[in-house]
Each structure stands twice: as C-alpha cells, then as structure tokens.
Amino acid sequence: MVLEAIKYTPHSLAILDQLRLPHESVYFPIKNSVDAFNAIKSMTVRGAPAIAIVAALALAVELANTEFESADDVREFVGDKLKYLVTSRPTAVNLSDAARKLENLVNETDGDATTVVRAYITAAEKMLVDDVSDNMNIGKNGLEWAKKTIGSDKFSILTICNTGSLATAGYGTALGIIRSIHGDGLLSHAYALETRPYNQGSRLTAYELVHDNIPATLITDSMASVLLKSHPEIKMIVVGADRVAKNGDTANKIGTYQLSIVAKHHGVKFVVAAPTTSIDIQTKTGEGIAIEQRNPEELVTVRGPVVDKDGKVNKEEAKTVHIAAPGIGVWNPSFDVAPATLIDAIVTEKGVAEKDQNGEFHLESFL
C-alpha cells in the first residue's frame, strides 16, 4: 500500500493529520484557504512540496464551491487568498513559487469567471501530478550520482526530518533517494534522526521506513557525530530543502547545518535533494533566507498516547506533557542553513548540480 498524505478529488481535499502519526492515521478535511493556512501553520501538513500543493488545491476546492460574477472577481479573490496562504510558512520557497505562478496564470487567462476558475483548478491539479513525477526523477538521479561517486558496494545513509511521501505528493525527495538506492540493492542501512523538537524523524520518517520494510535505525540528533565515527559504512548524508539560495546555501530543518559540518569532518558525502521549485534564484545567499521562529511550547512539551504500566500504548488517550523547567527561556528556530561550501551535490528532478573548479554550483542552469 502506497502512503498517501494528500487525497484530492474535484471539490474535495483531505490531508493525513501528521500530528497524530504514527499511532493514528486520520484524514483531515480541507474545505478552503483558511483550513489550509491553519493546517500548514500547525504542521498538520508539512514538507515544502506538500504545503505548496495543499495550499494550491485548497484554493481550487474553494473556487469550485464559490460563485463569482466576473473574471476580475476571480482574479482578485485568488490574489488575496494566495497572499494570505504564503504567510503560513515563509521559509519554504515552494509555497511562494506556486502562489506566484498561479496568480500569474489567472491574470493572464482571458474569458469569463468560469474559464478563469477552470484554468486555476487545472493548474493546481497538475502540480499534484507533477510533484510525484519530479520526486521519482530525484530518486533516480540521486541513485545514479551515488553509483558514480560512492561506487557499487552497499553503503549506509543518514537523514534528518521527513522528506518522504508524507512531505510531498508521493515518493519523496531525500527519502525518495533512499528508496531508490534501497530498490537497487545498494542500501545497507538507513539511519534517521529523531529531529527535535517536532520529532518528524521519529514520528514520520521512521513510520515510512517501517512501512516500506527498509532496514533502519532511529537515533537522537545529538548522536550523529559519534554515529559517523563508529560506522564507517555510512557514506552519505541526504537531506531535503525548504529553500536553496542561488549560490547553493540550503535552508532545511534545524539540525541540518550541524550535519553538514560533521559530514565534512568525517569525509561523508553531504547531499541535498530538492525539486527545482525549491531553488530561489532571487536570493543570492543563505543570509537572505528568512528563518521562521516557532512557538516555544514546541520545545518544552511533548504530546503522545499514554503508555500503561505493562508498556502497552493506549491510542485512545493522548496527553501533553511538560518536559522542561518552568520559566526557562526558549529559542526555537525551525530551520538553519547549510552553506554551499559544505554541500557536495544538489539533486533535482532535472539532474545533479555539482560545484565547478571554483566551488560554484550554477543552479540557474537547472531552471
């Protein structure tokens, strides 16, 4: 059974509630752009490709269920809603890129209100289909690069956060590369960081790895350095991306920067997996990427089902537990930036970007 984070039919959209995974698989209906905004902001849906698609499709559903008097009314409605949706997750460039393309589309579409609405819905639906195809190509390109660079012997991989089917329309980016390497028989073992404070690794990536029967082990974020030192069979760290600057600096889940540093120290390849929609050619370097600051409560509390005295998980009863000293200050950036100097390759659906002899990526050639 294929994992499906987004269920869409014309006039209807539902998303897998990722806050309730891995213990419950519950789909949450998204009826309009307000529902989508709240789902993205609360991380009920997350992953840069997925949030862009959910935002686009939520507005498609809202348009399909709304009456308009004129094409100009549609254009104004779409423009206002897209601007609103972009504010739900400012670091992820996929969302703003999708919004820009969709707004340009409706502004350039001639005809009556029905024609403009239909053009928007068709374009949003195509984004869903294209994302799966792009992810499959990222996996294929990552596999080919690994064979060329690392060799044909089996090796292990470390990853952070969740970059699989739950973060995209399907298959995944960094986890898609792991899937492709596993499918080719080259993967010895996958290691997943728990990814504090939201635990996307322990809740979501572990869920996908178990689902796909990929040999895998979960570790805490602070174990990465000693893992690389004691497990020389780990030849690659592969991560996703919420935004890639023109020079290759990559914003991704907090903890990615430190992985790029320890990879360099231990001689492990550090690879970014990103669709070209994650490349922001207008932002020259990582210094220009806005980093979202999350609610302090995410760091000092944890929520999950109750475990009884016999060790049995009670899925029917969930509780939130405070795990830090009351009154302690909290700094909770959601992302950090891995510098291009520490990145060996950026794998896209169009090919693999590697640095030239001057240490530059030239990502514009992929757009």
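Biologist: Which residues make the nonpolar surface patch of about 220 Å²?

Modeller: This is a predicted model, in which local features need pLDDT of at least 70 and side-chain atom pairs pLDDT 80 or more, while totals for chains, interfaces and linings use all residues. Residues are numbered from 1 along each chain as its sequence is written, and side-chain values use heavy atoms, without hydrogens or water. The patch is made by Val 302, Val 321 and Ile 323.

Biologist: What is the relative accessible area of Ile 323?

Modeller: Ile 323 lies in the loop between β13 (313-322) and β14 (335-338); strands (E, at least two residues) and helices (H or I, at least four) are DSSP runs numbered from the N terminus. Buried means under 20%, exposed over 50%, and partly exposed in between (1.4 Å probe, protein chains only). Ile 323 is partly exposed, at 46%.

Biologist: Within what arc do the buried residues of α1 fall?

Modeller: In α1 (residues 33-41), the buried residues are Ser 33, Ala 36, Phe 37, Ala 39 and Ile 40. Seen down the axis, they line one face of the helix, because their arc (directions from the helix axis to the C-beta atoms) is within 165°.

Biologist: Which elements are included in what covers those buried residues of α1?

Modeller: Cover is judged by contact, meaning heavy atoms within 4.5 Å. The covering elements include β2 (12-16), α2 (48-64) and α3 (71-86).

Biologist: Which residue caps the N-terminal end of α1?

Modeller: A polar contact is a pair of N or O atoms within 3.5 Å, one able to donate a hydrogen and the other to accept it within protein; residues adjacent in sequence count only if both atoms are side-chain atoms. Here the backbone nitrogen of Val 34 lies 3.1 Å from a side-chain oxygen of Asn 32.

Biologist: Is Cys 161, with phi near 60°, buried or exposed?

Modeller: Most residues other than glycine have a negative phi. Cys 161 has a positive one, in the loop between β4 (155-159) and α6 (174-183). With a relative accessible area of 7%, Cys 161 is buried.

Biologist: What is omega for the cis peptide bond from Leu 21 to Pro 22?

Modeller: Most peptide bonds are trans. Pro 22 sits in the loop between β2 and β3 (27-29), and its cis bond from Leu 21 has omega near 5°.

Terms used:
Patches are made of residues with over 30% relative accessible area and no salt bridge: like charges are joined within 9 Å, nonpolar side chains (Val, Leu, Ile, Met, Phe, Trp, Tyr) within 5 Å. Accessible areas come from the Shrake-Rupley method with a 1.4 Å probe; for residues, only the protein chains shown count as cover. A salt bridge is a side-chain nitrogen of Lys or Arg within 4 Å of a carboxyl oxygen of Asp or Glu.
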